[in-house]
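Hi,

Here is the structure I promised to pass on. Have a look at it first, and my notes follow below.

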Amino acid sequence: MIDDMLRTPEAIRDAERWTAHNYHPLPVVVSSAEGSWLTDVDGRRYLDCLAGYSALNFGHRHPTLIAAAHAQLDRLTLTSRAFIHDQFADFCRELAELCRKDLVLPMNTGAEAVETGIKVARKWGYQVKGVAPGQANIVVAEGNFHGRTTTIVSFSTDPDARADFGPFTPGFTVVPYGDLAALTAAIDENTVAVLLEPIQGEQGVVVPPEGYLPGVRRVCTERNVLFIADEIQSGLGRTGDTFACDHEGVTPDMYLLGKALGGGIVPVSAVAANADVLGVLRPGQHGSTFGGNPLACAVATEVVRLLATGEFQRRSTELGARLHAGLRSLVGRGLVAVRGRGLWAGLDIDPSLMSGREACERLAERGVLAKDTHGATIRLAPPLVITEEEIDHAVAQLAAVLAG
Ligand SMILES: *Cc1c(COP(=O)(O)O)cnc(C)c1O
């Protein structure tokens, strides 16, 4: 096929002509997908090693999830929370059971789950802990990524995420990630919560030192502070456990969930916590027109049922070991370091070879899609339905790219 017969270049031009340039996508225009594979407008196939930043943990168009969505589309799609619908109770109960919590509060996007967690923690602080009015603070970590709202970027440490978006929301203290002493020292009588990712995804799949999460749990309990785990990217099977916190046997007071909860079909997020925490909310104090809608609940209930089988967590553990073994074999051969857990890996490329962006462009030319995070770091997060052969294929293509 000669280049000017391809549909891709024009499709890219059209996409860039009509949108704000708040993303720098790889030069690929996708038109269909199934399982771990994408097909572009010119019929080329790509192995998806990003999985929508973990929104596609069950792969593209998982048959069970698509069937649930189709069936619900033919019955009822939206009521608003002004009325109760028949998909709501099952979703909330089954998700609460998966989280081993009393209650669930459904929203749509991850950022909304984070905002919900912040609001609930503050109200809990004033009403239950007895913090003086207007004084609540929340301890967060350097290198965090919790979303893009004005309040959330207020405590980001990424200059791109913050610059020219102020004035910022007060009430947050930033400490180094993985440093328990610094976190402990930052807690005072007005601290209502510690908000952390158990593994920092956007930062490059940064795993904290062993013992850090149990330490945070212990300090939060001792100081009467809520431990809020942002498991929006790390949760729901990605690391080989249902939640990344499970790996160290840690139970946070609040889970923030999103991404994979919507099965790659609809945006679904949620906060899960016990009644002494989520019970502080009364009618009119928080809400969302689309949060917990029938279509979202129908799909997300099936997501929870897929996770309840344990199959995807097992796949992530077993196939993740294969992925990490393959990647470790490239350390010293173009890779400087590999981090991660389960089917989730952050790779630092030797910066003298190429940037992360360049590596991802070359991988795309070889039919593997991944995304750089910062500088020379790439994140791999393939769908949990990926096969051994497909993992080997991805590692082989990466090896070829690094070999130049
Ligand atoms: C993606 C992400 C968010 C924000 O989710 P959106 O659905 O994009 O708003 C929050 N926290 C973490 C850890 C994430 O990875």
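Which residues are buried in helix α9 (residues 212–222)? They are Y212, L213, G215, V216, R217, V219 and C220, where buried means under 20% relative accessible area, with a 1.4 Å probe and protein chains only. Helices here are DSSP runs of H or I with at least four residues, strands are E runs of at least two, and both are numbered from the N terminus. The cover over those α9 residues includes α8 (180–186), β7 (191–196) and β8 (226–230). After α9 comes N224, with a positive phi near 55 degrees.

Before you dig in, some ground rules: this is a predicted model, where local features need pLDDT of at least 70 and side-chain atom pairs count only at pLDDT 80 or more, while totals for chains, interfaces and linings use all residues. Numbering starts from 1 along each chain as its sequence is written, and side-chain values use heavy atoms, with hydrogens and water left out.

Not counting residues up to four places away in sequence, L380 touches C49, L323, L327, L343, W344, A345, L347 and A370, with contact meaning heavy atoms within 4.5 Å.

On to the ligand. Residues around it include T109, H146, E197, D230 and K259, each having a heavy atom within 4 Å of it. A ligand nitrogen atom is 3.4 Å from a polar backbone atom of F145. The protein covers 81% of the 380 Å² of accessible area that the ligand has on its own (Shrake-Rupley, 1.4 Å probe).

Last, H60. This residue sits in the loop between α2 (51–54) and α3 (63–73) and is buried, at 11% relative accessible area. Leaving aside neighbours within four places in sequence, its contacts are A33, E34, G35, W37, L38 and D48.

Cheers

Conventions. A polar contact is a pair of N or O atoms within 3.5 Å; within protein, one must be able to donate a hydrogen and the other to accept it, and residues adjacent in sequence count only if both atoms are side-chain atoms. Buried means under 20% relative accessible area, exposed over 50%, partly exposed in between (1.4 Å probe, protein chains only).
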